[in-house]
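Visitor: I am new to this structure and would like to go through some of its residues. Could we begin?

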Amino acid sequence: MPTTLITNIASLVTNDPSKGDGSPLGLLTNAAVVLDGDTIAWVGPAAKAPAADETHDAAGRAAIPGFVDSHSHLVFAGDRTQEFNARMSGRAYSAGGIRTTVAATRAATDAELEANLTHYLAEALRQGTTTFETKSGYGLNTQDEARALRIAARHTDEVTFLGAHIVSPDYAEDPAAYVDLVTGPMLDACAPHARWVDVFCEKGAFDGDQARAILTAGKAKGLHPRIHANQLSYGPGVQLAVELDAASADHCTHLTDADVDALANGNTVATLLPGAEFSTRAEWPDARRLLDAGATVALSTDCNPGSSFTSSVPFCIALAVRDMGMTPDEAIWSATAGGAAALRRTDIGVIREGARADLALLAAPSHVHLAYRPGVPLVSEVWRRGARVAG
């Protein structure tokens, strides 16, 4: 591929503190970036940019790393409009709605599931998401969990086995037997197609002992843990995540001081998913409390058909700034470098030499506009692996 110079960037978020203003965002003004194939070859002031085979004029727009959406559920079929409508009319959210999607997903063909997946991936890409994680969890039997992961793996390396989303309806009267299935034959069939193992540790899903057994079995098969933790109530999920060195504890809405301290002193990222609180009228996670304690925070969409049906990271940034106590700088970092940390990646979520050439140009002079102008489609161009893929 030819080298490409993207120049005339009004402000560039690098997430490299050695650049620009020395802040966590490493903000550069009047900047330029050189792409060489699928990697970034040079970053710096536009006036000092080296020559390249091709030049692309950013026309005074801001540039940011591509968003890293480290939590989504995109292999599914069906629609839960009626459930959402009822909930917005006063009915509280519970984990039971997942069963509706399970039935629709089992009935769908592979082609239907893949078409649905690619539709939402394209939607996310247009909004600046260049890396995404996605999970199984709507099959809840060995055959359908494995096929969900096979389909997902054709589109991302960040694939998560979530057979432990809820207890399968087939085992409603025998949860222990379902845990045995998840940690045995289902795991054997799914592990070759996944990088991660996840569990919904919550009342109505899996308790702490069950979650520990599932994550430990996954680790033994070479999968690294992540966990849905402390979304609907206080519970053992966060402590278990830190104990097992999970890459992320996701949701983190109901936290004790001990939970916050554990996240601040461990390697587990607190991934916050404000789309879920927005869509369920639930209590907002307290991002300010986590950040002030020194925890690493990621922001992701939790895109799923039941409790957070949005693929828009910019929307989640606006919610985090408005309702979760984050500054615009903290929110953009959490949606890029924070998401990368939640996937234990250093090659994405950052614009620096040697990183993957993923970036978005905004129809605005600053990244702050993502929160300042909520709901406006500000992502005007997307570059992924060095190629212009949107805009």
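Visitor: Is Lys-135 buried or exposed?
Guide: Lys-135 is buried, because its relative accessible area is 0% (buried means under 20% relative accessible area, exposed over 50%, partly exposed in between, with a 1.4 Å probe and protein chains only). This is a predicted model, in which local features need pLDDT of at least 70 and side-chain atom pairs count only at pLDDT 80 or more, while totals for chains, interfaces and linings use all residues. Residues are numbered from 1 along each chain as its sequence is written, and side-chain values use heavy atoms, leaving out hydrogens and water.

Visitor: Which residue forms a salt bridge with Lys-135, at 2.7 Å?
Guide: That residue is Glu-133, with 2.7 Å between the closest N and O atoms. A salt bridge is a side-chain nitrogen of Lys or Arg within 4 Å of a carboxyl oxygen of Asp or Glu. Glu-133 counts as buried, since its relative accessibility is 0%.

Visitor: And which side chain meets that of Lys-135 at 2.9 Å, N to O?
Guide: The side chain of Asp-198 meets Lys-135 in a salt bridge at that distance, 2.9 Å. The pair links distant parts of the chain, 63 residues apart: Lys-135 is in strand β8 (residues 134-135) and Asp-198 in strand β10 (residues 196-201). Strands (E, at least two residues) are DSSP runs, numbered from the N terminus.

Visitor: How many salt bridges does the structure hold?
Guide: The structure holds 22.

Visitor: Changing topic, where does Thr-14 lie?
Guide: Thr-14 lies in the loop between β1 (3-12) and β2 (28-36). Thr-14 counts as buried because its relative accessibility is 0%.

Key: Helices (H or I, at least four residues) and strands (E, at least two) are DSSP runs, numbered from the N terminus.
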